[in-house]
Amino acid sequence: RPSHADFSWDKKYGHRDHRGGGRSSARETAARVAAGAFAKMLLKPLGVEVVAWVSSVGPIISQVDFDTLTTQMVDANVVRCPDHQAAALMMEYIENMKAQSDSTGGVISCVLRNVPLGLGEPVFDKLHADLAKAILSINAAKGFEYGSGFGGTLLKGSEQNDVFVVNTQNQLTTKTNYSGGILGGISTGQPIFFRAAFKPVASIAKEQITVDKAGKTVALKIQGRHDPCIVPRAVPIVEAMAALTLADHLLRNRTAQWWL
């Protein structure tokens, strides 16, 4: 099947699960969401908030202020986009893809608020690196950026740098947050925000030309119940993986402090 793990799985293990992809199926993420719920319980007493939302579907891009964003706002519609005008366009676009027996991808954004200062390690276990690993382990995830991300490459150093200031509460903070709440792999106490790109669903009913195991060219139409866009469904998975990553680093810090 085009863009499925059939080929690589079969070459590595000598077999594949033709019923739905086995460990390559998004069904396995149910356990991650369950574990993420416990991670959120661990983080809640610290005031840590993890909120993800659909920020784009296909060519449709939303406008969202994540400083005031709430989970209730995200869950207000089925596409999980708090920009209701963009959400309506997204739903229409997804329905069009379904009518064409095709699929579309999109982007999920996520903000982590009230993250304790000092989470993450300076070299191999940088907080942003572990977040990237966790998010990119999700099925269909194809890209990860945090802070200013790729857009930051268009800025000058004088524009990109987060200047330190003392706020009205006499706390040290920064005027901007292009660093995305992480410096040198360690959380700064500022909000951490990232974006994850998800590819179009590979299972489509539209006819595609491929080959079978014998190398014979065949026409394929994948039958079954397949979503034309999995991006809205991936929102709780992104939240779960982000919460698990923070919980891991929080426990690691506690252990280090105990030994000291």
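Reader: So, Thr104: buried or exposed?

Author: Thr104 is buried, at 5% relative accessible area; buried means under 20%, exposed over 50% and partly exposed in between, with a 1.4 Å probe and protein chains only. This is a predicted model, where local features need pLDDT of at least 70, side-chain atom pairs count only at pLDDT 80 or more, and totals for chains, interfaces and linings use all residues. Residues are numbered from 1 along each chain as its sequence is written, and side-chain values use heavy atoms, with hydrogens and water left out.

Reader: Where is Thr104 found, and what is it in contact with?

Author: Thr104 is in the loop between α4 and β3 (106-113). Helices (H or I, at least four residues) and strands (E, at least two) are DSSP runs, numbered from the N terminus. Leaving aside neighbours within four places in sequence, the contacts of Thr104 include Ile94, Lys199, Pro228 and Cys229, contact being heavy atoms within 4.5 Å.

Reader: OK, salt bridges. How many are there in the whole structure?

Author: A search finds 11, each a side-chain nitrogen of Lys or Arg within 4 Å of a carboxyl oxygen of Asp or Glu.

Reader: Which residue does Lys40 pair with?

Author: Glu239, with the closest N and O atoms 2.7 Å apart. Lys40 sits in helix α2 (residues 29-43) and Glu239 in helix α7, so the bridge ties together parts 199 residues apart in sequence. Lys40 is partly exposed at 31%, while Glu239 is buried at 9%.

Reader: And what does Glu145 bridge to?

Author: Arg195, at 2.8 Å between the closest N and O atoms. Glu145 is in strand β4 (residues 141-146) and Arg195 in strand β9 (residues 192-198), 50 residues apart.

Reader: Switching to rings: how many aromatic pairs?

Author: Four. Rings of Phe, Tyr and Trp (its six-membered ring) pair if their centres lie within 6.5 Å; planes under 30 degrees apart are stacked, over 60 edge-to-face and the rest tilted.

Reader: Why is the Trp53 and Phe66 pair tilted?

Author: Their planes are at 35°, so the pair counts as tilted, with ring centres 6.4 Å apart. Trp53 is in strand β1 (residues 49-57) and Phe66 in the loop between β2 (60-61) and α3 (71-74), so the pair ties together parts 13 residues apart in sequence. Trp53 is buried at 4%, whereas Phe66 is partly exposed at 22%.

Reader: Which residues form a cluster there?

Author: Trp53, Phe66 and Phe193 form one aromatic cluster.
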